Amino acid sequence: MRKRSGGSSVFSPLAISGLIGWYDASDYNSLTVDNGRVTAISNRVSGGLPLKSLGTHGTSAPVYDPANTLAGGNPALLWASGEECGLELYHPVLDQAVETPVADMFIVCAYKEGVDADFDGYTRLIADAADHTICQGQPGSNGIRATSTLQRASKNGASFSASLLPLPLSVLRFSAANQGLTDFSVSSFGRKEVSSLSRSWNGPICEVLAFSTPLSSPDIEQVGAYFHSKWGIVMDGS
């Protein structure tokens with residue numbers, strides 16, 4: 001089932017301990033939109049840092065799509081083919097991009113039109129402040145590049161795997177513990193590397209949840225049920 005854009009849910013991610021980042025395209029009031037581009041997203045966690053398009057690693061901000069087809073007619077941030085876009089974690093006092101340690105992260109997103117079986121290029125999804133790749137697609141394959149910090153993801157509640165494509169609107173979960181790590185550093189979403197041939201993400205991103213501590217199995221199930229209700233995504237076992 002799909003929840004209409006702007007509707008409320010009985011469960012809120014704020015109920016889970018350790019939530020440090022909640023960025024939601026369906027909450028229009030949290031977006032700063034300039035000429036159809038999303039230049040900033042406030043954090044729905046009180047006191048949490050926002051995301052901002054700083055313009056230092058990309059020529060534009062993602063497009064605000066109020067009725068994205070892959071999102072079931074719901075809002076999304078759209079990374080269009082050929083554009084260099086990116087949103088970075090921003091510290092208003094320092095006036096610069098920063099990074100934060102994350103133990104568990106969920107990203108609701110799709111690649112291109114949701115049917116491609118191979119990445120067109122080195123397609124960046126997550127990076128840290130030092131421009132290290134946290135997760136990037138491998139060109140000519142359906143999987144995560146082996147040099148990424150996080151080499152596996154759980155798609156829609158399934159077992160962790162390097163394979164991502166095809167990727168219609170889905171819930172990707174990245175777990176530090178699954179990689180043998182305590183945490184991983186996150187600074188930006190969707191932006192290309194500064195000094196390489198990699199490219200920005202290509203497709204919609206709808207929602208991001210980031211946690212500072214590993215989630216329990218009941219918490220993971222709650223988050224999965226929340227995404228299923230909100231975005232209509234069928235989770236493994238649901």
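By class, 11 nonpolar and two charged residues line the largest cavity, with no polar residue among them. The model is a predicted one.

Rolling a probe the size of a water molecule over the atoms shows where empty space is left. Searching the whole structure gives three cavities of 30 Å³ or more. The volume of the largest cavity is about 80 Å³. Its lining comprises 13 residues, and those closest to the centre of the cavity are Ile41, Leu51, Leu77, Ile205 and Val208.

Which strands supply at least two residues each of this lining? They are strand 1 (19–24), strand 6 (74–79) and strand 18 (203–211). Strand 18 contributes the most, giving four residues to the lining of the largest cavity.

The next site is in a loop. Asp128 is found between strand 11 (123–127) and strand 12 (133–137). Asp128 is buried but forms no salt bridge. A salt bridge requires a side-chain nitrogen of Lys or Arg within 4 Å of a carboxyl oxygen of Asp or Glu, whereas the nearest side chain of opposite charge, that of Arg124, is 6.1 Å from Asp128.

What lies close to the polar atoms of the Asp128 side chain is backbone: the nitrogen of Ala130 is 3.0 Å from a polar atom of that side chain. The backbone nitrogen of His132 is 2.7 Å from a polar atom of the Asp128 side chain.

Note on methods:
Residues are numbered from 1 along each chain as its sequence is written. This is a predicted model: local features need pLDDT of at least 70, side-chain atom pairs count only at pLDDT 80 or more; totals for chains, interfaces and linings use all residues. Side-chain values use heavy atoms; hydrogens and water are left out. On a 1 Å grid over the protein atoms alone, a cavity is a set of points where a 1.4 Å probe fits but cannot get out, and a pocket is an open set with protein on both sides within 12 Å along at least five of seven lines; lining residues have an atom within 4 Å of a point. Grid points are joined across faces, edges and corners, and a volume is the space filled by probe spheres set on the points. Ala, Val, Leu, Ile, Met, Phe, Trp, Tyr, Cys and Pro count as nonpolar, Asp, Glu, Lys and Arg as charged, and the others, Gly among them, as polar. Buried means under 20% relative accessible area, exposed over 50%, partly exposed in between (1.4 Å probe, protein chains only). Lys and Arg count as positive and Asp and Glu as negative; His and the chain ends are not counted. A polar contact is a pair of N or O atoms within 3.5 Å; within protein, one must be able to donate a hydrogen and the other to accept it, and residues adjacent in sequence count only if both atoms are side-chain atoms.
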